[in-house]
Amino acid sequence: MKSYLLKFGLAKAEKERYEKEERPEAQQEVLWRAAAGLPLYTRTGSGAIRYCDRCQVIKPDRCHHCSACDMCVLKMDHHCPWVNNCVGFSNYKYFILFLAYSLVYCLFIAATVLQYFIKFWTNNLPETHAKFHVLFLFFVAAMFCISILSLFSYHLWLVGRNRSTIEAFRAPVFRTGSDKNGFSLGFRKNVGQVFGDQKKYWPLPLFTSQGDGLTFPTRLVTPDLEQGGPQPPEPSQSVAGVPASPLSEVQDHLLNSPPHGNHTADPNALTSVGPDSVTISLESQS
Ligand SMILES: [Zn+2]
Ligand SMILES: [Zn+2]
């Protein structure tokens, strides 16, 4: 069992209650209670908690179920038939580097074959089997160059905007509505999210992506985002002008809170809000 399932999975009693309930509203009630301590910012299109019936976990933000892999994949980008695997949080940087290395390789082949191709074109190549090889190499290299270049530039564009392919096609839904730029933190930070802070590691196949794949900083955090829903615990509106700690720290705090067996939000849980760095303390009602 993956460790995140412990935090995002339902406790045994809840799971039973969820399965027993037939009304979707009652099922949502179970989910809202279970999600109370979790740092979730996104919802389904109808505003419900995102839950995977197949894996029986509350889906972390940006996580999607892949039907080909039959599992939930963190920050799922797409299922790649070429590598027969999902591309997501844990291998997105490697995927982009794979495209970059392949592009360089194809360019190298096309460039070195070019002089022979020109000879072939001008009928200066001797009539041997080499003729076919030259043609084949050049066209395959050129074709892959074009397709990889378009895929590579598309993914670089996505990195710059902090979107996954899935999110580019369907914008994630926040409390404030769907927003395709919901996870965008500005170009530099967006690149850092995938490639890390240190430029020297960018071209190397080392894991330097930031975060844990479960939570992602967003500029759209609203005070009661985590607690909205059918039975939202009342947030005590004690807004203090205290400089908020970075969101990731806050989320770590939330993640490190005890497993949600008792389903009460940590009374001291802090939610950092927007660019104004306002801190809200949330109170549990149960
Ligand atoms: Zn799943
Ligand atoms: Zn997959």
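1. Start with Phe195, which counts as buried, with 20 C-beta neighbours inside 10 Å. For reference, buried means that 20 or more other C-beta atoms lie within 10 Å of the residue's own, exposed means 12 or fewer, and partly exposed is in between, with C-beta atoms placed from the backbone. Phe195 sits in helix 7. Helices here are DSSP runs of H or I with at least four residues, strands are runs of E with at least two, and both are numbered from the N terminus. Leaving aside neighbours within four places in sequence, Phe195 is in contact with Lys93, Trp202 and Thr208. Two residues are in contact if their C-beta atoms, placed from the backbone, lie within 7 Å. The C-alpha atoms of Phe195 and Leu206, eleven residues apart along the chain, are separated by 9.3 Å.

2. A word on what you're looking at: this is a predicted model, in which local features need pLDDT of at least 70 and side-chain atom pairs count only at pLDDT 80 or more, while totals for chains, interfaces and linings use all residues. Residues are numbered from 1 along each chain as its sequence is written, and chains are lettered from A and ligands numbered from 1 in the order in which they are written.

3. Now the overall picture. The protein chain has eight helices and eleven strands. Of its 286 residues, 30% count as buried. Among contacts in the protein chain with a separation of 6 or more, 57% come from residues 24 or more positions apart.

4. Next, the nonpolar cores. A core here is a set of buried Ala, Val, Leu, Ile, Met, Phe, Trp, Tyr and Cys residues joined through C-beta atoms within 7 Å. The largest one has 29 residues, and Leu31, Ala34, Ala35, Ile58, Val73 and Tyr92 have the most contacts inside it. At least two residues of this core come from each of helix 3 (24–34), strand 3 (57–58), strand 5 (71–73), strand 7 (85–87), helix 4 and helix 7 (187–195). Apart from it lies another core, of six residues, including Cys106, Val113, Phe138 and Ile148.

5. The crossing of helix 4 and helix 5 is left-handed, that is, the near helix is turned anticlockwise from the far one by less than a right angle (clockwise would be right-handed). By class, their contact has 24 nonpolar, two polar and one charged residues. Ala, Val, Leu, Ile, Met, Phe, Trp, Tyr, Cys and Pro count as nonpolar, Asp, Glu, Lys and Arg as charged, and the others, Gly among them, as polar.

6. There is also an open sheet of three strands, in the order 1-8-9, with antiparallel pairing. Strand 1 (42–43) and strand 9 (177–178) are at the edges with a single partner strand each, so one side of each has no neighbour in the sheet. Strands count as paired if DSSP finds at least two bridges between them. Strand 8 (residues 173–174) and strand 9 pair in the antiparallel sense over two bridges, and Phe174 stands opposite Gly177 in strand 9.

7. Arg50 deserves a look. Arg50 is in the loop between strand 1 and strand 2 (51–52), yet it is buried, with 22 other C-beta atoms within 10 Å. Leaving aside neighbours within four places in sequence, its contacts are Thr42, Arg43, Thr44, Ile58 and Lys59.

8. Lys75, at about 40°, is in the loop between strand 5 and strand 6 (78–80). Asn84, at about 50°, is in the loop between strand 6 and strand 7. Which of buried or exposed applies to Lys75? With 25 C-beta neighbours inside 10 Å, Lys75 counts as buried, whereas Asn84 is exposed, with 9 other C-beta atoms within 10 Å.
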